[in-house]
Amino acid sequence: MPSAGRPPRLSLEAILAAADRILEADGPDALSMRRLASDLGSAPMALYYHVRDKDQLLLLLLEAHAQRMPRPDFPEDPRERLLAAAVTLYELLAERPWIVEVLTGDDLIGPSALWIVDLMVGAAIDYGCAPDDAVFVYRTLWFYIVGNLIVRVNSARRRARSDNPAYHEQVIGTLTATTHPHLATVGDRWSELNARDLHRAGLTAIVDGLLPPRPADV
């Protein structure tokens, strides 16, 4: 039983660390000031001396992770630079999938992460795209990255809750060659095929499809 008296002294660092653990384990929906205070053995009101609300807490976490993002040396060739940056962004976010959920669910962003967006847009411009088209190139890659990771996160959470195959996997597994000749040929391997991590191949195909051929390449 906790002892009576003053609650333990909190620091912003301890609050951020505890929030990060909750996000890693259970995702953004599980994070609340009440849950965070409980994990810290404190009262919810004590947290408000350090952070205004959940949004400010998430912004601080996003910025902290953004500041720790490694900045590798990228290729000089614009196409290779764009592809390398897209793969880097995917793999960094895959290590912290809750960040994807926050970025797509709220109007929040860590300003220190914008260097990689600028790099990707700049690579497309250096390749020969107009600025507006370069933004389209970036956004298309971003939507692929986000969609891929969110599907993987949700699938992993579902598997953690149940050992049974997902409903769509069960349905596809029962299809016949008479009604669905193409799906039936892979139906028994649908789960295995969907579990493959082919993000590099996917990003490469998107980059190749988005960047127009240069005159020298035609």
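Me: Where is L149 found in this predicted model, and is it buried or exposed?
Reply: L149 is found in helix 8 of the predicted model. The cut-off for buried is under 20% relative accessible area. L149 has 5% relative accessibility, so it counts as buried.

Me: How do helix 5 and helix 8 lie relative to each other, roughly parallel or roughly perpendicular?
Reply: Helix 5 (78-95) and helix 8 (131-161) have axes 10 Å apart and pack at an angle of about 30°. Angles under 35 degrees count as roughly parallel. That makes helix 5 and helix 8 roughly parallel to each other.

Me: What hand does the crossing of helix 5 and helix 8 have, and which residues of helix 5 make the contact?
Reply: Helix 5 passes helix 8 in a right-handed crossing. On the helix 8 side, the contact is made by V137, L141, W142, I145, N148, L149 and R152. Facing them from helix 5 are L82, A86, L89, Y90, L93 and A94.

Me: Helix 6 also packs on helix 8, so are those two oblique or roughly parallel?
Reply: Helix 6 (residues 97-105) meets helix 8 at an angle of about 120°, and their axes are 10 Å apart. An angle of 65 to 115 degrees would count as roughly perpendicular, and one over 145 as roughly antiparallel. Helix 6 and helix 8 are therefore oblique.

Me: Which residues of helix 6 meet helix 8, and what hand is the crossing?
Reply: From helix 6, the residues are P97, V100, E101, L103 and T104. They meet W142, V146, L149, I150, V153 and R157 in helix 8. As for the hand, helix 6 passes helix 8 in a crossing that is left-handed.

Me: What covers the buried residues of helix 6?
Reply: The buried residues here are W98, I99, V100, E101 and V102. Their cover includes helix 1 (12-26), helix 4 (54-67), helix 5 and helix 8.

Me: How are helix 1 and helix 4 placed, roughly perpendicular or roughly parallel?
Reply: The contact uses L12, I15, L16, A19, D20 and L23 of helix 1, with L57, L58, L60, L61 and H65 of helix 4. The axes lie 10 Å apart at an angle of about 90°. Helix 1 and helix 4 are therefore roughly perpendicular.

Me: What should the 14 residues of helix 4 span?
Reply: The expectation is worked out at 1.5 Å a residue.

Me: Which residues in helix 4 are buried?
Reply: Their cover includes helix 1, helix 2 (33-40) and helix 6. The buried residues of helix 4 are L57, L58, L61, L62, E63, H65 and A66.

Me: Why do the buried residues of helix 12 line one face?
Reply: Helix 12 (residues 199-210) has 12 residues and reaches 16 Å from first C-alpha to last. H199, G202, L203, I206 and V207 are buried in helix 12. An α-helix has 3.6 residues a turn, so residues three or four places apart point the same way. Seen down the axis of helix 12, the buried residues line one face because they fall within an arc of 130°.

Me: Where is P212, and which residues is it in contact with beyond four places in sequence?
Reply: P212 is found in the segment after helix 12, and at 40% relative accessibility it counts as partly exposed. The C-alpha atoms of P212 and Y127 are separated by 8.9 Å, though the two are 85 residues apart along the chain. Leaving aside neighbours within four places, P212 is in contact with Y127 and C129.

Me: Is N164 buried or exposed?
Reply: N164 lies in the loop between helix 8 and helix 9 (167-173). Anything over 50% relative accessible area is exposed. N164 has 51% relative accessibility, so it counts as exposed.

Key:
Residues are numbered from 1 along each chain as its sequence is written. This is a predicted model: local features need pLDDT of at least 70, side-chain atom pairs count only at pLDDT 80 or more; totals for chains, interfaces and linings use all residues. Side-chain values use heavy atoms; hydrogens and water are left out. The expected span of a helix is 1.5 Å times one less than its number of residues. Buried means under 20% relative accessible area, exposed over 50%, partly exposed in between (1.4 Å probe, protein chains only). The arc is that of the directions from the helix axis to the C-beta atoms. Contact means heavy atoms within 4.5 Å. Axes are lines fitted to C-alpha atoms, for helices over the stretch in contact, and angles run from 0 to 180 degrees between N-to-C directions. A crossing is left-handed if the near helix is turned anticlockwise from the far one by less than a right angle, and right-handed if clockwise.
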